Amino acid sequence: FFELFASIMAPKRKTEDLKLKSIWDETLVTEVMDNKVHRNKMWQWLVLHPDKDICDVPFASWRVKKASADAILKNFVKYTATVVERNESIRGDTTKLLLELQDGHRIETVIMRHPSHSTVCVSSQIGCQMGCRFCATGTMGIIGNLTSAEILEQLALANAVTKIRNVVFMGMGEPLNNYDNLKLAVEFMVDCNRFGLSFRHVTVSTVGVLKTMRRLSDELPYVSLALSLHAPNQEVRLKIVPAASAHHIDKLMEAVDYHTAKNREAYFHRKISRHGVDPTEANSNKRAEKFANVMIEYILIKDVNDLEAHAIELATLLAPRRENIILNLIPYNPTTVAEDYEPPTEESITRFHATCIGEPFGIHTRTRQEKGQDIAGACGQLALVNPGKVANSADIEDAAGSRGAKKGKAKVASRGGKKESAEQSSGGSVSASKLFCYVNIAIPVVLASLAFFTRP
């Protein structure tokens, strides 16, 4: 009750009141620098020189108009967000950045290092309104959307830590509830004259905002889709994902099929336009299947959705589309949610995995090897928690890349860590606003109760 009212009464964000101008804001930069070539050269130079600032950009050697260069130097900053805390996992493979935005709100960004590449998990909103029962971010409520520039700044800051190949929109917030800014950021990321990321290396995760899922498939078909399913049927899903009441699980599966179809269509169109490849060729079809994958995310919670019956029902649901999906099993990470959820046992994880990959289902399945659990940077733990260093990671970000390990070979989950309190945030504005809301709600409730029970 109090969480609900706190999220409603917490100060909402007004992006129109933001004063600082980010160099990653394409709209604002275009107003003062109309030459697209010069804009792209500037952005690409900043990407290639993450340790440099705007004042170091060689505008003069590019023959940029003095008025444009002066306007950039005078009015724009490289980062409107400030890194107020940086936590490193003991294993050294995960970094969590606590960022303070220019209006005082805070978000978190997580950098995960793999042997061959690094991935950044970016936030798209301050808080989240979807209220998933297992997710710490959901306890914050929704404060507001990030601008496209603030999303891009997370990638730029991560690039300053290590070279980033993959971006996953799996941080704070529901990305599809901030679709316009998401789209602007993704288009900027994949522009070969800017960050130059591959479409296949950008993954957008959603709990299932159906209408916007189809818009994503139509407008950004190359982008990888990750659906946070977390249940084999509608009944179980409603218990742990309240937003599931808006769309039945069967409709979500239809949206998955739609994205796969649009992804393959876009792939063929690109191959034909670039190389004149005939889409009827067997090799082209096989190649397209390799990159037409959608990731199905499934949090394993002890005795809630990790039983063998759940595995069979899930595998039955996914089997008809097994050529185009990857099932990603995620052992539940301890958080501060109200429900008394527990991580699954190693035995239940192994049994669930074996059921999905076994006959007659043959689902391509991975068990996520968590990174950053010791710094509250793992899946579902982002809620402005900064526990410091404690004891701590298979790559799950390549949803539309190579299908990875052969069927039947499990990627072992490494779990551990301990439950941390969201109230340990070092000065997080959300916690303060919640406390204020609690007091303002509790006092009238108490007074009304006293008046009711003491009436004549």
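Residues are termed buried at under 20% relative accessible area, exposed at over 50% and partly exposed in between, with a 1.4 Å probe and protein chains only. Helices (H or I, at least four residues) and strands (E, at least two) are DSSP runs, numbered from the N terminus. The structure is a predicted model, in which local features need pLDDT of at least 70 and side-chain atom pairs count only at pLDDT 80 or more, while totals for chains, interfaces and linings use all residues. Residues are numbered from 1 along each chain as its sequence is written, and side-chain values use heavy atoms, with hydrogens and water left out.

An open sheet of mixed pairing is formed by 10 strands in the order S3-S4-S5-S6-S9-S10-S11-S12-S13-S14. Its edge strands are S3 (82–88) and S14, each of which pairs on one side only. On average, neighbouring strands of this sheet are turned by 20 degrees against each other, direction ignored. Pairing of two strands requires that DSSP find at least two bridges between them. Axes are lines fitted to C-alpha atoms, for helices over the stretch in contact, and angles run from 0 to 180 degrees between N-to-C directions.

Strand S13 (residues 325–331) is mostly covered, with 7 of its 7 residues buried. In a regular strand, side chains alternate between the two faces of the sheet. Ile-325, Leu-327, Leu-329 and Pro-331 are buried on one side of S13, and Ile-326, Asn-328 and Ile-330 are buried on the other. Strand S12 (residues 294–300) runs parallel to S13 and is joined to it by 7 bridges. Within this pair, Glu-297 stands opposite Asn-328, and Leu-300 stands opposite Pro-331. With S14 (residues 365–367), S13 pairs in the parallel sense over 3 bridges; here Thr-367 is the bridge partner of Leu-329.

Helices accompany these strands. Helix H11 (residues 308–318) makes a right-handed β-α-β unit together with S12 and S13; a crossover is right-handed if, with the strands pointing away from the viewer, the path from the first strand over the helix to the second runs clockwise. Helix H12 lies across S12, S13 and S14 and runs at about 165 degrees to S14, contact being defined as heavy atoms within 4.5 Å. The loop between H12 (346–357) and S14 holds Pro-360, and the peptide bond from Glu-359 to Pro-360 is cis, with omega near 5 degrees.

Two residues other than glycine with positive phi were examined. His-230, in the loop between strand S11 (224–228) and helix H8 (234–240), has phi near 65 degrees. This residue is buried, with a relative accessible area of 4%. Asp-303 also has a positive phi, of about 65 degrees, although it is not a glycine. Asp-303 is placed in the loop between S12 and H11 and counts as exposed, at 57% relative accessibility.

A further loop residue, Thr-162, is located between helix H5 (148–161) and strand S9 (166–169). Leaving aside neighbours within four places in sequence, Thr-162 is in contact with Ile-111, Arg-113 and Ser-118. The C-alpha atoms of Thr-162 and Met-112 are separated by 9.5 Å, the two residues being 50 residues apart along the chain.
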